[in-house]
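User: Please take a close look at a single part of this model. I would like one connected account of the part and its surroundings.

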Amino acid sequence: MQSIEVNKNEAGQRLDKFLGKYLNLAGKSFLYKMMRKKNITLNGRKCDGSERLQQGDCIRLFLADETIAKFSQVKIQQVEEKKLNILYEDEHILLINKPAGMLSQKAKDTDESLVEYVMDYLLSSGQLTREELRSFRPSVCNRLDRNTSGLVAAGKSLVGLQLLSAIFQERSLHKYYLCVVKGNVKEKQRLSGVLMKDNRKNQVHVKITAEKWLAKQENQKTIIHTEYEPLEYKNGYTLLKVTLITGKTHQIRAHLAAVGHPIAGDYKYGDPKVNAEVKSIYGVRSQMLHSFQMVFPDMPEPLTYLSKKCFTAPVPVEFQRMFAEIFSN
């Protein structure tokens with residue numbers, strides 16, 4: 001028999017969801033059968049899995065130790081130790097300045113990504129135990145392309161992960177990007193278009209269209225809106241501040257390339273001559289796109305202290321080389 005006391009990272013979820021993570025190799029039918037037979041109880045009473053857990057609840061597993069061990073395996077990937085550039089941290093969330101070249105989330109099992117580095121950081125710093133990983137795994141709540149740098153938010157607690165995920169999904173958290181594009185962009189603009197994805201090539205294409213035409217379309221899921229304003233023009237390149245009105249795969253990169261202003265250093269959507277030039281002169285080896293700012297909306301308990309807070313991620317050295325006047329202040 002094993003007793004489990006529900007902690008703060010387990011409270012709030014359904015019992016069956018918790019059991020599915022704790023006994024992660026057991027089938028759902030086995031778990032429901034054990035609850036029906038009272039081999040799994042909640043606070044000493046029969047349960048059906050729909051119960052919402054509260055901190056301090058007691059779950060008892062009247063199962064052999066061998067059975068529990070068989071159905072409960074904690075997999076922790078051993079990764080290279082990385083010193084994360086943590087811009088903000090509290091008991092619920094982390095804000096990290098991700099460097100270009102690092103995956104936000106793994107694409108295949110053998111990958112190492114920011115998710116694994118965050119988990120390794122929390123384990124090594126004593127903020128998370130292997131036992132806690134049975135029922136809760138910290139994770140990032142927004143993804144940046146491998147070669148895009150900047151702010152990534154991660155949930156350290158269950159409530160932190162849930163509330164962060166909700167504001168990203170609702171798009172109530174405002175995200176701003178900086179990028180360097182070829183050409184002289186003179187005016188602030190809002191671009192609209194239709195995004196078409198080629199899954200085979202992991203690439204998208206953008207068809208530029210008018211807002212009035214887009215309003216008549218039935219398939220709103222493929223419609224994108226991107227807003228930008230020029231901050232400085234120098235030596236044939238413009239530094240832009242970009243706001244994503246929608247958030248689709250490779251949206252900023254493909255949208256700007258479609259209007260003749262490819263991002264410097266972008267080897268998928270950019271101009272090879274531009275990429276060669278910025279690599280030779282400024283040492284640019286990845287796309288000049290940086291998620292530099294997040295502004296939080298009004299937040300519910302227990303994250304009310306984050307309401308209206310603004311966080312900014314310092315830019316990579318390549319930006320400083322190209323626009324030293326702005327970033328030296």
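Analyst: Just after helix 7, Gly260 has a positive phi of about 85°. Helices here are DSSP runs of H or I with at least four residues, numbered from the N terminus. The model is predicted, so local features need pLDDT of at least 70 and side-chain atom pairs count only at pLDDT 80 or more, while totals for chains, interfaces and linings use all residues. Residues are numbered from 1 along each chain as its sequence is written, and side-chain values use heavy atoms, leaving out hydrogens and water.

Helix 7 is largely enclosed by the rest of the structure, because six of its eight residues are buried (under 20% relative accessible area, with a 1.4 Å probe and protein chains only). The buried residues are Gln251, Ile252, Arg253, Ala254, His255 and Leu256.

The loop between helix 7 (251-258) and helix 8 (272-282) holds Asp266. Asp266 counts as buried because its relative accessibility is 0%. Its side chain makes a polar contact with the side chain of Arg253, at 2.9 Å. A polar contact is a pair of N or O atoms within 3.5 Å; within protein, one must be able to donate a hydrogen and the other to accept it, and residues adjacent in sequence count only if both atoms are side-chain atoms. A polar atom of the Asp266 side chain also lies 3.1 Å from the backbone nitrogen of Tyr269. Leaving aside residues up to four places away in sequence, Asp266 touches Arg253, Asp271, Asn275 and Gln287, where contact means heavy atoms within 4.5 Å.

Terms used
Helices (H or I, at least four residues) and strands (E, at least two) are DSSP runs, numbered from the N terminus. Buried means under 20% relative accessible area, exposed over 50%, partly exposed in between (1.4 Å probe, protein chains only).
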